[in-house]
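Please read what follows with the chain open in a viewer, so that each residue and element can be located as it is named.

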Amino acid sequence: MKQAQNRRRTVAGLVVLGLLGLVPITAALTRTGAEAAASAPGDGSMSATAGASCWGIKQQHPDSADGSYWLLTASMDRPEQFHCDMTSDGGGWVLVARGREGWSFNPAGQRAAAAVRDTVDGPEAFAPAALGTETIDQLLDHANLAAAPDGIRLERSLNTSGSTRQDYRLYPTARGWTWNLAAGQLLDRVVIDGSTFRGSNTADTSAAVVGQKVNQLSGTNNQRRLVTTATADHNNVQGFSFGRLNGGSSAANNHLWTYAGEQTPIPFTRVWLRPQIANDAAGFTAIPTAGFPAETKPLALKNRSEVAPWGVVGVDHTNETMVTPWNNNVSILKVFGDRVYLGGRFTGVQQGPGSTPIPQPSLAAFDLEGNWISTFRPTFDGRVWDLTMTADGKLIVGGDFLSVDGTSGTSGLAALDPATGAVIPSWNGSVTRNGDRPIVRGLDSDGDYVYVTGRFNRATGGTATNIGVPNTVSLRINDAQPGRWRPVVHASAARVRASADGSRVYMGGFFNGVNNDTNHGFYAITNRTNGSPVPGIGAYQPSTGSRPNNWYQQAVAEVDDRILVGGAEHTLQMYDHDRTTLLNSHITKQGGDFQAIEVIDGEVYAACHCINWNYSGTNNWNAPSGYRAVDP
């Protein structure tokens, strides 16, 4: 093990259910007398003599041969074994992946890490195996990959037996490692068997991708071409494909795989990196002869959702006005205490794919293990769009329903007992809309008030009856009496959030101004007391190339002294507190709008109906440029 100051790096993520359990480390890392006699510090022959990199081992022990070595960088919490090429171009390369056809390019890797280390060449290694991004980042010690002198080395077989190999080196412009090659990662240059070609990308070196400025391999369709995208001629199987090259087949021992003689084979390929980290590099701590004492690994979040025993089914559009999004059956998910509440336009709940649905429309409750709570059974004659929990324990529900459980005074809004789902009659807040169903799209509660947004023009609550409101209203949490917060918007706000400091209420939506102030259109920052636009706020910056009718925003949040917004064309943005500086932005393409943002323990989680790539560091929707990374 390593000293505490460089032992590990914690990674947080969002999970649907569950945490990894505690995993004890039951023994310290020690050496026997025989092992110690046969090894030397930094030679990588055993865990206690791990080197900082294959290159570091080669520099300290020049006679090291190709094979398996123990490595330990400052970013790793314990030594691990990897395969090192100690021969090619001076040696010091670590193998991070190998295989022929069928690459997943998944950030989590492919197959077991031991497969990468132990089966490194020949037909037995044709089934792709790859280390995960986290492991590769640790091998690089989180260094800037764009500054790496050796880039990424692809060793591709050039003939059917694999006796001839191509040295194909990629020099990315992005700082960090990614397996998302089919996204078209921008390249500074490609070096093929010593010949340099400026620019290009990892999706198809022959083609252009957004943000690419130069490509000296454009139009090249021979063994110098690299294609990682799934193509129909390969039956959508991925790999490190060539352009035109003869000799391919689907034979089990052919290093050049083709699906049906398409003459653009996917070769057996090995992926190498050469982090030049010396064994005496700063931050690297060799393991003492006696080892470190045993420790317990900290809890870590799972990076995959668990199978839930229950779910919701069906879509109900009865008497519903067309509103986007239209085809989803869940519009809101909230966790309050030990329950998960789902609201939407679903018609029932179902235990597993083969069981009979049980009618439970619009709102359902589940425990934290995903089991339906059958005692929570409110009934709605419309859809549920948002939920909030008040400080005094009321579950406030908003949507386009006209009543809950047939109770009068529950149009568009209702307060429910969070345990039973029964209407709380002492809270009589409701909204209506002349000539049509009302719809409450956004809810938040903080302090003494619930903040309500959507499409409605009348509100009732406390001692007030049927008062005029401009698609917004605040209602006191104890008795639903309307407050003074009523910003004037001439279209619906889809999301509303109260600020942590008690001074502001943020809104995102389809409106082009607040109180006729267009500076607060689509993304508004209002005074919490009376709903007026906060002065001194910088202009919202819609994504470049988007049109004014597509500037609507659908999610707002804040983290520390920064504010967040997400929505159409297809942007997720972070600003300073007064929106004078756009600090960070993301564009999804091809894809769709952002519709939800949550902040958990300082991490920002965003959700969208996007299907391809996220471009980080750009606000250009029409043609993303200047981005620092592109990911799924």
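In this predicted model, strand 30, which covers residues 553–559, pairs with strand 31 in the antiparallel sense over six bridges. One point to look for in this pairing is Val 556, whose bridge partner in strand 31 is Val 565. The two strands form a hairpin with two residues between them, and in that hairpin Asp 560 takes a positive phi near 55°.

Strand 31 itself, residues 562–567, is mostly covered, since five of its six residues are buried.

Another stretch of the chain can be followed from strand 12 to strand 16. Strand 12, residues 310–313, pairs with strand 15, residues 348–351, in the antiparallel sense over four bridges, and Gly 311 has Gln 350 of strand 15 as its bridge partner. Strand 15 is in turn joined to strand 16, residues 358–359, by two bridges, with the strands running antiparallel; here the bridge partner of Gly 348 is Pro 359 in strand 16. Strand 15 and strand 16 make up a hairpin with six residues between them, and Gly 352, which sits in the turn, has a positive phi of about 80°.

In one of them, three strands are arranged in the order 22-23-26 with antiparallel pairing. Strand 22 (439–446) and strand 26 (472–476) stand at the edges of this sheet, and because each has a single partner strand, one side of each is left without a neighbour in the sheet. The twist in this sheet averages 20° from one strand to the next. Strand 23, residues 449–455, is joined to strand 26 by five bridges, and the two run antiparallel; as a landmark, Val 452 stands opposite Val 473 in strand 26.

The other open sheet also consists of three strands, in the order 27-28-29, and its pairing is antiparallel. Its edge strands are strand 27 and strand 29 (523–527), each of which pairs on one side only. The twist in this sheet averages 20° from one strand to the next. Five bridges join strand 27 to strand 28, residues 504–509, in an antiparallel arrangement, and Ala 498 can be found opposite Val 505 in strand 28.

Is Ser 492 buried or exposed? This residue lies in the loop between strand 26 and strand 27 (493–498), and Ser 492 counts as buried because its relative accessible area of 7% is under the 20% cut-off. Not counting residues up to four places away in sequence, Ser 492 touches Gly 454, Arg 455, Gly 509, Phe 510 and Phe 511.

Gly 602 is likewise found in a loop, the one between strand 34 (594–600) and strand 35 (603–608). Gly 602 counts as exposed, because its relative accessibility of 54% is over the 50% cut-off. From Gly 602 to Arg 484 there are 118 residues in sequence, while the distance in space is 32 Å from C-alpha to C-alpha.

The structure holds six cavities of 30 Å³ or more, and the largest cavity has a volume of about 100 Å³. Thirteen residues line the largest cavity, and the closest to its centre are Ile 152, Pro 172, Thr 178, Leu 181 and Gln 185. By class, this lining has nine nonpolar and four polar residues, and no charged ones.

Stepping back to the whole chain, there are four helices and 37 strands. The C-alpha atoms fill a box of roughly 90 × 60 × 55 Å, taken along the principal axes, and 52% of the 632 residues count as buried. Among contacts between residues at least 6 apart in sequence, 53% join residues at least 24 apart.

How values were computed: Residues are numbered from 1 along each chain as its sequence is written. This is a predicted model: local features need pLDDT of at least 70, side-chain atom pairs count only at pLDDT 80 or more; totals for chains, interfaces and linings use all residues. Side-chain values use heavy atoms; hydrogens and water are left out. On a 1 Å grid over the protein atoms alone, a cavity is a set of points where a 1.4 Å probe fits but cannot get out, and a pocket is an open set with protein on both sides within 12 Å along at least five of seven lines; lining residues have an atom within 4 Å of a point. Grid points are joined across faces, edges and corners, and a volume is the space filled by probe spheres set on the points. Ala, Val, Leu, Ile, Met, Phe, Trp, Tyr, Cys and Pro count as nonpolar, Asp, Glu, Lys and Arg as charged, and the others, Gly among them, as polar. Two strands pair if DSSP finds at least two bridges between them. Axes are lines fitted to C-alpha atoms, for helices over the stretch in contact, and angles run from 0 to 180 degrees between N-to-C directions. Buried means under 20% relative accessible area, exposed over 50%, partly exposed in between (1.4 Å probe, protein chains only). Contact means heavy atoms within 4.5 Å.
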